Amino acid sequence: MRIGTKRKFGLAHLLFKGISQEALGKIGIAIIILFGVMALVSPFVINIDPDVYDPLIGVDPLIFSSQGPTLTHPLGTDHLGRDVLSQLLKGSQIAFLVGITVGLMATLIGTAIGLISGYFRGATDSLLMRITDIILSIPSLPLLIMILCVFEHRGIWVIVMVLGLTGWPITARVIRSQTLSLRERPFVQSARVSGASDWRIILIHIAPNVLPLTFLYMTIGVTYAILTEAGLGFLGFSDPTISSWGMMLQWCFSTGHTFKALYWMIPPGLSISLLALSFYLVGYSLEREINPRLREP
Amino acid sequence: MEMKKMRTIVIVTMLLCFGMVTALVIPSSAMAKESTVKIGLVMEPQTLNPLSAESEQNWHIIKMIYCGGYIDPRGLYAYTPKSLEWIPYMAESMPQWLDDKTVVVKLKKGIKWHDGSEFTAEDVKFTLDFFGEFEAANYYNTIDMLEKVEVVDPYTIKFHVKEKTTLLYYRTFMTLILQKAKWSKIVTEARKNEAPQKYIFNYVIKNPVGTGPFKFVEEKQGQYILLEKNDDWFLKGQTISTGDGGSVTYGPFVDRILFKFYGNLSSAVLALKGGEIDTIWHGLDAAFIPELKKVKHLTVSTKPYYHDVKFAGFNLREKPLSDKMFRKALAYAIDKDFLIKRLLQGYGTASDAIENPGLEFWYNGNVENYFRGKSEASRYSKAISILKEAGYTWDKEPKIEGSRVIPGVGIKMSDGKKVRTIEIITRTQATNPQEAQSAILISQWWKKLGVDTKTNLVAFPTLINNVWWENKFDVIVFGNIIEPYPVHLQYYFDVKEIYQYGWNVMAYKEDRYQKAMYDWLKVFDWDEARKGAFRLQEILADDLPHIPLFVLKNIHAYNHTRFKGWIEQYNGVVNKDSLSCIRPVK
Amino acid sequence: MSDVIVKTTNLTKNFPAKKGIFRRSNGCIYAVHDVNLEIPEGKIFGLVGESGSGKTTIGNLLVRLIEPTCGRIQLNGQDILDLKKSEEIHFRRKVQMIFQDPYESLNPRLTVYETVAEPLIIQEKRSMHGNEKELLYALESAGLTPPQDFLYRYPHELSGGQRQRVAIARALIIRPKFVVADEPVSMLDVSIRVSVLNLMLELKDNFGLTYLFITHDLSIARYMCDWLIVMYQGKIVESGNTEEVIQHPLHPYTRALISAVPIPDPMVKRRRVELSEAMEDTSKPPLRCRFYPKCETRSPICEREYPEFNDKGHAHFVACHGV
Amino acid sequence: MGYLVNRLIMTVITLFVILTVTFTMFRLMPGDPSVFFISPQMSTETIARIKAQFGLDQPIHKQFTNYLGSILHGNFGHSFFYKRPVLEVIGERLLNTIVLFLPAAIISYLVGVGLGRYMAWKRGGTSERVLIFTGLSFWTFFVPWLGLLMIWVLSYKFGLFPVGGMITPDKWLPGSTLLGRALDLLHHLVSPLVCYVLTWFAGNMLIMRNSMLETIGEDYILTVRAKGLSERKIRNKHAARNAILPVVTAFSMSIAYSIGGCVLLETVFSWPGIGRTMVDSVLLRDYPLAQASFILIATVVLVANLITDILYAYLDPRIRY
């Protein structure tokens, strides 16, 4: 028996349609795949010779200052003689880890809060929306830095948690307004007449209908996470024991190589911008699918 | 976009510009073409109040206005510009000891404050009493040896002291002196306040008055500070011996000094290259040297060393770091050459003693150096054998295979207990890249010995809190300020400094050192003092309360087409003497 | 007259009214005011009136989608407004609703199976699987043949008529006693309206239902209903047997309403009653006749007091001083 | 009136919560600002006495009530780092940020709205695709990196603009002309401004485009078109005027976010603004400065939101609270 088989109207279908019909969506997917491959390739590159290609502790014994691209170091080395390419590859792993985890976390929390707030309204709504206001009315980077300062150890997971736990307000607002309109729709009333409980209505009737929007905001959340982690890294607040792209840029900037070693300065910044862009492109294409009015006539 | 839209944007932009223009203050007078040295600073000064200024950048400015200071001090006495011998400055002659508890200092006559009034013994007494009464943090060490200060006549002061030590010379006699006329008003106000220290601390000095070579003109917060020359400076036109055979003639010969603030070094360097500023009063990173050397109008000075020694200090309160053999093994694992060659790009030197190797007179280069410069394999095999001898065991012992070190795992103490994770605490990458990167590298090296090590990069207040106040740390990577006379041999290692907030944060207590050190403090003879300092450095290198790492070159660059006569000193070519001596190039 | 299944006593619903940027509270809108209904079992009870007359509000009140401001509602003699949580589910089982817009009343993300089975799952705590028998029967009864073709379709794959049939199947699957049908055919094409109406009539007989049939279309009301209630601005103005009310309308508003229904025969001329544009402010409690500003036959008493609801014989009630 | 009062009360409560949260957070951080006025050589009693003067010895709830009390008197205290009244420091930094932020926001708003309007009208064309791609690319650009690239190209390679800072002091010394100062400021403003506008306009552009498309679909546009008005008039007068509302909301909601973004911009361009000051004060445990700047920025944002809501109701007669 095929129960709940989603034909034609499933999320996967929507995604596929949204992305494949739009040239920009294809570009986005292509970039994501490119960086995905980079992330997967990273361990192999390190394994060639961990003493040389480990992004953090490997150094080329023959190189004592930052040098431009050569055959052994296709993107050159930093001032310690560490391979820029292997740092970049490792960085793509971290970008995915941070981006996807934070995106998921923020979207889940945002959706849950939006649903609860929009459905129950009243005091719950007021309380949750005030919390949203508070987070939105404090500039994000100083707020994050303040929270991070409370922790003595700034491991990458602390950063992921803090980003995830503060990145939800916009999603929550959008989902809430969507929920407010959905809860007055006849099919929700019909479920209520049938005796459905509040949670059943939220989970079975409202949540699936905000799902595409949730997915859209997740892609935006991933972009936010990648850019913010990079920003924290650039200011020196990311995990110092990993080689994230933001940290790479920070090393380059703080050691005075910014305008001297373009082979070191360009790749991390470009990667951050491109990966952020790719998720945004996917989200953008999806948005056109969700909101038919935005499509061409 | 159509023309209309463009027009709107242009109009709005223009309106905004005019709005900004009208918001500006109309300038009053016209400035003639005068010579102005433009100096870039990487951080803006917080205050011109010498009682609460703490950053070095801040002191650069205060030092030019006042005599004396906190870093690179000179007050009643000073160091010669190059050999760093002790000479009278605002004092007329060397101090005369009446007995072991009383000393008399005579002042130069005719020294004028910037407002024209005369500098007298009253100012000195007022200043020291004031520091004593208000317990100013910056000056606490200048007054803790004093019993009483007495004015004998306007040019003679008598100091009653607790004991006769060299500390008195290098602290009290070199401290900054404040003008009694100006500050007594502030003090009266402060005494009325319920929080006098806070009042003094937060007092905003709008128009500082000193006896220094430059006078304060104006400040634009966050943007610039302008000083002009003091034609009445008591050293103007005088020639003094630098101590190495040469001599300098003091000016000042430039009309103004303009301090401009940049948020980061890269921007300041670009400004220097573009001719926007004449020099940067901040140590430059080695990475800038090649590009700066290519610029025709710049001279890059790379000889002198910076006045702080980077070190890895141990918390000796707990096992296993209280074990000297364990620390020695860790010392063998550190590759100082790697740090110099790669991290500092060659612009630095390894230090084996807690002293600046550039100060050749005081630096003992013959102390134990823990195989510095030897191969990784030999250093590690020595470290492993020391650990084994001391009874340490491993889950998996580190091994040497050819020239490679196969890392060990899970080192255990002689009682069989596991050595816990050792945490290296230091400032963040953005605050101090060399320290942070050294810490990360050192933790990797120690891991190879099977010692689980991690790095914790924290904000400065956290570091102070964890290390100095709570003594909750294992290893700290930090820089110790080295003064021209090695008084730091006392305060970083004295048992008296072991308490909650004390300087001797490592809790180093060795009787042989304490005894040698107290003897040394009483030595006033220059050569004897040198021998004593050498001995102290030897003991430290053996006991290893901390491992000295390196000293950075103090790289400065200046525009030689605009000003000449720069003096290369122990703390860089941009210094107080240089600015008092340079002349415009015609 | 058969047993009364639903009875309301002084049923009133006010909505708070807020106007202006600064949200001054201007009292409230009296959407339904002091309504007493007795719906006999096994009948189709029609509720007619113009938009905004409070028909839908009454429908929503009866199925407890909204709570009344005051007044009582009884179902089979039991008060439904102070039910316990555990009793509420039994009430839900007896009362169902068919909504106006079949494009909106089905969850676009659920299949027909999931939509129709939902009341069963909720009411009888069943699992999602294994309800095919009931489902196929319900769909077939609702005129969707062959029913198995429809089980796994999504609403967007169905026509408007099919959707309304799915909605009906969903309403009926738990065998309710009382169904509120809120303009069930107004969004459908005229061509399929009759078949849906016929289906509803058929189901009434097969399942022994009672309908509250809300509509603004008098011809449909006449076709469907046994009993008719005319509402105007939250008040009942006239009630009675359908034919009686339509043939002999007593209230001026009912007369105007009936005169507006086009007659298919071009030869027949009927005097059209034109109503003025003047409206009573519904944000004030009704102190005078609501229809006063528009009424052709008003007299001074109409402005002073609200007319009583009087029996004019043949169980024909009307609230008008002029009758 | 009730609505306004309600909103104001809510704003005050929100501010109070922000204040409490920031206050607590700072006390949770290891280390405190007494690093600025305590010397290791002082005796424990001296240290205790001095700490007491700064109120750092009291239990936290006491410190909090004291702080609240002085804020109500308009006294935000002294900055531990700058040793000046906090409001003075913030005022100066905020002004610097506004000098950069306001023109940048207005220009990116005008550019975004103009382009969005154009795109909605020409939807489906190649120009739209190109604009979207360019816009999104800039939108997701890593701001400091773009800044560095701009400095590299504009200042380093071609020497067109200063490398950073807000003014060249030489041009501001006594004797300089008003015009000279203005031009100098403008000269410094160009690079960060362009960087800001480039990374910001796409947001307004996309919102405007979407909102415009929604508006075009409305029936009244059809009615207007049926009246025979020119396309341009329909677009500019009827469609755009209604479509602009979401952009206004997004603008007010993004104020806080963009001040956060200013931190990076200010770091790269050495701009002495409020964002950088906030970060530094957090790092230095400069409680009074950090707390006050968090609260003041939040106040600015909340008031901006309030004004937008009222403006919104004024602009769109359909919305009534």
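Predicted model: local features only at pLDDT ≥ 70, side-chain atom pairs only at ≥ 80, totals over all residues.
User: How many residue pairs are in polar contact between domain 2 of chain B and domain 3 of chain B, counting pairs with both residues at pLDDT 80 or more?

Analyst: Residues are numbered from 1 along each chain as its sequence is written, chains are lettered from A and ligands numbered from 1 in the order written, and side-chain values use heavy atoms, leaving out hydrogens and water. A polar contact is a pair of N or O atoms within 3.5 Å; within protein, one must be able to donate a hydrogen and the other to accept it, and residues adjacent in sequence count only if both atoms are side-chain atoms. Between domain 2 and domain 3 of chain B, the count is three.

User: Which helix gives the largest share of the domain 2 side that touches domain 3 in chain B?

Analyst: Helices are DSSP runs (H or I, at least four residues), numbered from the N terminus. The largest share of this side is four residues, and they come from residues 166-170 of chain B, helix α5.

User: Which residue of chain B forms a salt bridge with B:E163?

Analyst: Across the interface of domain 2 and domain 3 of chain B there is one salt bridge, defined as a side-chain nitrogen of Lys or Arg within 4 Å of a carboxyl oxygen of Asp or Glu. With the closest N and O atoms 3.2 Å apart, the partner of B:E163 is B:K522.

User: Which three residues supply 36% of the area that domain 2 of chain B buries against domain 3 of chain B?

Analyst: Buried area is the accessible area (1.4 Å probe) that two parts lose on being put together, summed over both. For these domains of chain B the total is about 1,400 Å², 68% of it from carbon and sulfur atoms. More than any other three residues, the 36% share comes from B:L84, B:T166 and B:Y170.

User: How much area do chain B and chain D bury between them?

Analyst: The contact (heavy atoms within 4.5 Å) takes 68 residues from chain B and 71 residues from chain D. Carbon and sulfur atoms hold 65% of the buried area, which is about 6,200 Å².

User: Which residue of chain B meets D:R93 in a salt bridge?

Analyst: The count between chain B and chain D is one salt bridge. At 2.8 Å, N to O, the side chain of D:R93 meets that of B:E44.

How values were computed. Helix = DSSP H or I, 4+ residues; strand = E, 2+ residues; numbered from the N terminus.
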